[in-house]
Amino acid sequence: MAITTKNRRVAIVGVGYSKVGRNTGLTERHHAAQAANAALADAGLTAKDVDGVGSWGGDAVDFGYMMGFQELRWELNVGVSPAFIAPAYHAAQAVAAGHADCVMAFRIMMQQPSSAKLAAGGAMLGAPNMEDTVFQYPYGNFSPTQWAGLLMNRYLHESDSTEEHFAKFAVSQREWALLNDDALQRTPLTEQQFLDTPYITKPLRILDCDYPCDSGSAVIFTTEERARDLRQPAVFVDSSALCSIHDMNFEVLPDMVRTAPVKCSNELWARTDLKPTDVSTAHLYDGFSVITMQWLEALGLVPPGQAGPFIAEGNTRLGGSLPVNTDGGAINVGRRHGANFCIEAVRQLRGECGERQVQGADVSVWANAVGPFAGAMLLTK
Amino acid sequence: MSQPATPPIIEDPFTLYFWEGTKAGQLLIMRCQSCGYWVHLPKPVCRNCQSMDLKPEPVSGKGTVYSFTETHKAFHPYFVDKVPYLIAVIELAEQPHLHFQSNLVGITEPDVRFGMPVQLEFAAFGDKTIPVFRPVATTADRTVA
């Protein structure tokens, strides 16, 4: 008999976080268990309902057994990939195809060492056994902030964006965070405070980077039929896409402005009847703030090169024409590697965001990663 | 106080050519012997024609600045007394988008321009030699000087 290839409509029915924080002292298993229990409670499901697990961070099989899920019909560990979109995309596909009925996707990540520790020789970023580091370390290139500085500088060169626009972006993200109890950064921020922070890799400042922390995130995907009986209003996966265009050496990308999100966005829109103008809220990866700018343009939400001016006009704020990163983004909620954008999109579509709720939100897009690879998912009520 | 050790550089037979080149004052880049396509970073196969017949060949050392960033924080002890320094992506003259990541020397960050012509030179890195790039003095520069 051929492998099952159903084409079932997929819904997100449960979302949850661990107790996210700085250097929590907990393990990946603790964060996975906390996030899984939060997602199950959110959905009104029990552990025995789950028959598939996908994860980046820890181990999917280990988590499934630890949690007392039923015997898994589907499991996946993703390695280096466009972050949470990788397990999320494949989890949705597994449900759609009928390989599993109820899949939990995880992103578990532990805080990386500080730059002070790195400078003192107490730790190193990356894996020194990777042969490509031969072409990076001798030039003092160790940190993702360095390729991000290269991408941001080229983006500033080719677009109408300025460092002041990046300041306005950070301020608008912080305004959202002030309305979000899950955010770790909740003190008001001014443009001048942003511009006064030192460069890490000029033109990139520390407030252009997501906030390091220990985090666990879990999202439950199941069928439309099953979703109708559960606790939360179902949120549907309308379209999704993954794309990769290059190996992991961001530094030698042929074009640092139009990278994987461009092709990924074309794929996303080709798989749906919806259009960019239908989007109520956008949740766009901000591992570095330039990535959000590039997604706004790649998705066709703003014209090429115009993300900075668009943000500076206030369009992405509460009450703006296109609310963006309504949870405050990873710069404020902490590094959850894209999972926060999926979870916030779901919460906006459910209408449970309280003070930061975007009225009438019915279509939300979330997107992850940049450069060599990318992924995006379009969700509807 | 002694100089901190350089970061670890893996020595493997597939990138040995690079260090032999720099020792001899050459920047060697892998080139497909079947179709002539330059492949960097090195791979065992040509992504243009899938031939596995690649050999290192010297490049002219001419290029332009595609992007650059000034690093202000040290991420390794060796670089603590070297910040701020300029990391740059150089588009080598041999082929469109043949990007080589290196350092810019002989210039400060505010003076760097996208597309600026640069020329290869070599710098010490522990017991090795690495390729770095220096802006080419142009007629315009001399006029200002």
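This report covers the fold of chain B and a helix pair in chain A of a predicted model.

## Chain B: elements and order

Two helices and eight strands make up the secondary structure elements of chain B. Their order along the sequence is α-β-β-β-β-β-β-β-β-α, with the eight strands placed between one helix and the other.

Along the principal axes, a box of roughly 45 × 45 × 25 Å holds the C-alpha atoms of chain B. The chain has 145 residues, and 32% of them are buried.

Among contacts in chain B with a separation of 6 or more, 48% join residues 24 or more positions apart.

## Chain A: geometry of the helix pair

In chain A, helix α1(A) spans residues 28-43 and helix α2(A) spans residues 60-67. The two helices pack with their axes 10 Å apart, at an angle of about 60 degrees. Because angles from 65 to 115 degrees count as roughly perpendicular and those under 35 as roughly parallel, this angle makes α1(A) oblique to α2(A). The crossing of the two helices, α1(A) and α2(A), is right-handed.

## Chain A: residues at the contact

From α1(A), the residues that take part are R29(A), A32(A), A33(A) and A36(A). They meet F63(A), M66(A) and M67(A) of α2(A). By class, this contact between α1(A) and α2(A) comprises six nonpolar residues and one charged residue, with no polar residues.

Notes: Residues numbered from 1 in each chain as written. Chains lettered and ligands numbered in written order. Predicted model: local features only at pLDDT ≥ 70, side-chain atom pairs only at ≥ 80, totals over all residues. Helix = DSSP H or I, 4+ residues; strand = E, 2+ residues; numbered from the N terminus. Buried ≥ 20, exposed ≤ 12 C-beta atoms within 10 Å, placed from the backbone. Contact = placed C-beta atoms within 7 Å. Axes fitted to C-alpha atoms, helices over the stretch in contact; angles between N-to-C directions. Parallel < 35°, antiparallel > 145°, perpendicular 65-115°, else oblique. Left-handed = near helix turned anticlockwise from the far one by under 90°. Nonpolar A, V, L, I, M, F, W, Y, C, P; charged D, E, K, R; others polar.
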